[in-house]
Amino acid sequence: MKKIQLSTSITLFDSVDELPKDVQQLMIEAVKIRKTAYAPYSQFHVGTAFLLENDEIVTGNNQENAAYPSGMCAERVAVWKASSEFPDVKILKIAITASSVNNPVKEPVAPCGGCRQALSEYESKQDSKIEIYFMGETGGIIKTDSLHNLLPLAFDKSFL
Ligand code: THU
């Protein structure tokens with residue numbers, strides 16, 4: 001028997017002003033698209049913006065459905081949009097922001113497990129890391145250098 005410690009690493013920023021300039025712009029786009037989320041059931045609005053290697057910015061927001069499981073998270077809306085429109089272009093950076101109609105979201109909101117798995121597929125496909133920055137409506141921002149930091153021991157094509 002052997003016990004192995006897996007570690008992860010994040011960087012904390014106090015405000016958007018501290019972010020690199022290109023990520024500030026990405027976060028502005030994420031905030032903009034967050035406002036048009038279709039979230040009548042949860043009242044929880046998520047917006048995301050992806051910077052691609054060809055300098056395109058692809059955005060997405062959550063889309064809910066009266067049949068709840070038929071809705072979709074912002075990150076998957078955006079990653080599938082990016083992969084549909086630009087199938088062979090690498091994703092470099094992702095900015096995510098969330099807000100709630102019911103109470104202010106002051107802490108960074110991390111992508112859910114399903115979105116981590118979906119994003120991990122594309123990090124593995126492109127064979128290069130994707131930086132992820134996430135925040136609430138106000139407050140600090142968390143950055144991770146790779147999906148690996150959010151989803152260690154990921155399931156991928158090597159198992160198939
Ligand atoms: N949501 C996202 O868009 N991304 C996540 O990573 C977590 C959750 C959405 C799904 C649903 O519309 C609402 O937030 C509440 O769960």
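A residue counts as near a molecule here if one of its heavy atoms lies within 4 Å of it. With that in mind, select the ligand and its shell: Ser 42, Phe 44, Val 46, Asn 62, Glu 64, Cys 73, Ala 74, Glu 75, Pro 111 and Cys 112.

Before you click on, some ground rules. This is a predicted model, with local features needing pLDDT of at least 70 and side-chain atom pairs counting only at pLDDT 80 or more, while totals for chains, interfaces and linings use all residues. Residue numbers run from 1 along each chain as its sequence is written, and side-chain values use heavy atoms, leaving out hydrogens and water.

**Stop 1**

Show the polar contacts (pairs of N or O atoms within 3.5 Å). Pick Asn 62: a polar atom of its side chain sits 2.9 Å from a ligand oxygen. Glu 75 also uses its side chain, with a polar atom 2.8 Å from a nitrogen of the ligand. On its own the ligand has 370 Å² of accessible area (Shrake-Rupley, 1.4 Å probe), and the protein covers 76% of that.

Now colour by element, taking helices (H or I, at least four residues) and strands (E, at least two) as DSSP runs numbered from the N terminus. Strand 2 (44–52) and helix 2 (74–85) each give two or more residues to the shell. By class, that shell has six nonpolar, two polar and two charged residues.

**Stop 2: the pocket under the ligand**

A pocket is an open set of points on a 1 Å grid over the protein atoms alone, where a 1.4 Å probe fits, with protein on both sides within 12 Å along at least five of seven lines; lining residues have an atom within 4 Å of a point. The ligand takes up the second largest pocket (more than half of its atoms lie within 2 Å of the grid points), with a volume of about 150 Å³. Its lining includes Met 72, Ile 96, Val 109 and Ala 110, and by class it has 10 nonpolar, one polar and one charged residues.

**Stop 3: the largest pocket**

Which helix gives the largest share of this lining? Helix 3 does, with three residues. The volume is about 190 Å³. Select Ser 120, Glu 123, Lys 129 and His 148, which are among the lining residues. By class, the lining has three nonpolar, five polar and four charged residues.

Conventions. A polar contact is a pair of N or O atoms within 3.5 Å; within protein, one must be able to donate a hydrogen and the other to accept it, and residues adjacent in sequence count only if both atoms are side-chain atoms. Ala, Val, Leu, Ile, Met, Phe, Trp, Tyr, Cys and Pro count as nonpolar, Asp, Glu, Lys and Arg as charged, and the others, Gly among them, as polar. Grid points are joined across faces, edges and corners, and a volume is the space filled by probe spheres set on the points.
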